[in-house]
Amino acid sequence: NMQKFLGGIYEAFTGTDAMLLEINPVLKTSDDRILAVDSKVILDDNALFRHPELAEMRDLSEENPYEVEAGRQNLNFIKLDGNVGCMVNGAGLAMATMDLIKLSGGEPANFLDVGGGASPATVEAGFRLILKDPNVKAILINIFGGIVRCDRVARGVVEAYRAVGEIKVPIVVRLQGTNAEEAKDIIDNSGLKVFPVVTFSDAAERVKELLAANAG
């Protein structure tokens with residue numbers, strides 16, 4: 001019975017393109033039946049097109065509304081409980097940025113990876129998501145211009161800022177990579193409440209100062 005049970009779990013896991021299938025607890029009855037008393041299943045969103053019957057079972061009311069909206073905008077977003085919003089391109093840089101925020105005395109309010117494009121529309125969508133969180137006291141944008149040029153991202157930040165309207169929280173921007181100097185000039189000459197920085201330590205210090213000023 002256990003062999004059949006384990007085989008069924010494997011077939012269910014592979015057949016649904018699941019990322020996780022956990023059975024806990026497993027019960028053996030007095031007549032030697034094996035029962036799955038409870039389970040947790042996480043499906044791969046990227047594979048749902050192969051399983052329309054599973055996609056139809058999705059209940060958006062059970063999910064975080066921020067993350068649902070991010071999905072509609074093709075953004076990788078996870079809501080957290082901190083006070084510093086972050087917008088980054090690349091998961092590795094995002095994790096480093098979250099560590100940076102903690103070192104500055106803040107707590108990350110989200111994980112947001114805008115990907116390699118970082119167009120004005122993408123940046124604007126990211127701004128709007130972050131600003132929906134009333135706990136956010138500052139925003140840190142940390143972009144490495146490898147695939148995308150820094151000056152293009154800087155223009156995107158300026159255009160998105162103006163499109164969103166009045167943004168009451170300060171924004172720290174670190175753009176490094178291709179055309180970083182041009183990007184800094186664009187930010188400096190924008191006339192907006194945006195603080196450009198060069199290094200990770202500069203970003204940490206600026207975020208720390210802004211949080212202290214906000215607390216005061």
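**Reading the model**

Tutor: Leu131 is placed in helix 5, which covers residues 120–131. Helices (H or I, at least four residues) and strands (E, at least two) are DSSP runs numbered from the N terminus. The model is predicted, so local features need pLDDT of at least 70 and side-chain atom pairs count only at pLDDT 80 or more, while totals for chains, interfaces and linings use all residues. Residues are numbered from 1 along each chain as its sequence is written, and side-chain values use heavy atoms, with hydrogens and water left out.

Student: Which residues does Leu131 touch, not counting residues up to four places away in sequence?

Tutor: A contact means heavy atoms within 4.5 Å. With that exclusion, Leu131 touches Ile139, Val164, Ile167 and Val169.

Student: What is the distance in space between Ala94 and Leu112, C-alpha to C-alpha?

Tutor: That pair is also 18 residues apart in sequence, with a C-alpha to C-alpha distance of 7.2 Å. Ala94 belongs to helix 4, residues 91–103, and counts as buried at 1% relative accessibility. Residues up to four places away in sequence aside, Ala94 touches Val88 and Phe111.

Student: Where is Met19 found, and what does it contact beyond its neighbours within four places in sequence?

Tutor: Met19 is in strand 1 and is exposed, with a relative accessible area of 55%. Beyond those neighbours, Met19 is in contact with Phe13, Ile42, Leu43 and Asp44.

Student: How should I read backbone angles?

Tutor: Most residues other than glycine have a negative phi, and most peptide bonds are trans. Against that background, Asp17 has a positive phi of about 55° although it is not a glycine. Asp17 is in the loop between helix 1 (2–15) and strand 1, and is partly exposed at a relative accessible area of 22%.

Student: What is the phi of Asp32, and where does Asp32 lie?

Tutor: Asp32, likewise not a glycine, has a positive phi of about 70°. Its place is the loop between strand 2 and strand 3 (34–36). Asp32 counts as partly exposed, at 43% relative accessibility.

Student: Which residues does a cis peptide bond join?

Tutor: Asn24 and Pro25 are joined by a cis peptide bond, with omega of about 5°. Pro25 is found in the loop between strand 1 (18–23) and strand 2 (26–28).

Student: How many disulfides are there?

Tutor: A disulfide is a pair of cysteine sulfur atoms within 2.5 Å. By this rule the count is zero. The cysteine sulfur closest to that of Cys86 is in Cys150, 18 Å away, which is too far for a bond. Cys86 is buried, with a relative accessible area of 0%, and Cys150 is buried with a relative accessible area of 0%.

Student: How does one describe the chain as a whole?

Tutor: One may begin with its elements: the secondary structure of the protein chain comes to eight helices and 10 strands. The radius of gyration is taken over C-alpha atoms, and the globule rule is 2.2 Å times the number of residues to the power 0.38. A compact globule of 216 residues would have a value near 17 Å, but the protein chain has 22 Å. Along its principal axes, the C-alpha trace spans about 75 × 35 × 30 Å.

Student: What share of the residues is buried?

Tutor: Buried residues make up 38% of the 216 residues in the protein chain. Among contacts between residues at least 6 apart in sequence, 69% join residues at least 24 apart.

Definitions and conventions: Buried < 20%, exposed > 50% of the residue type's maximum accessible area, 1.4 Å probe, protein only.
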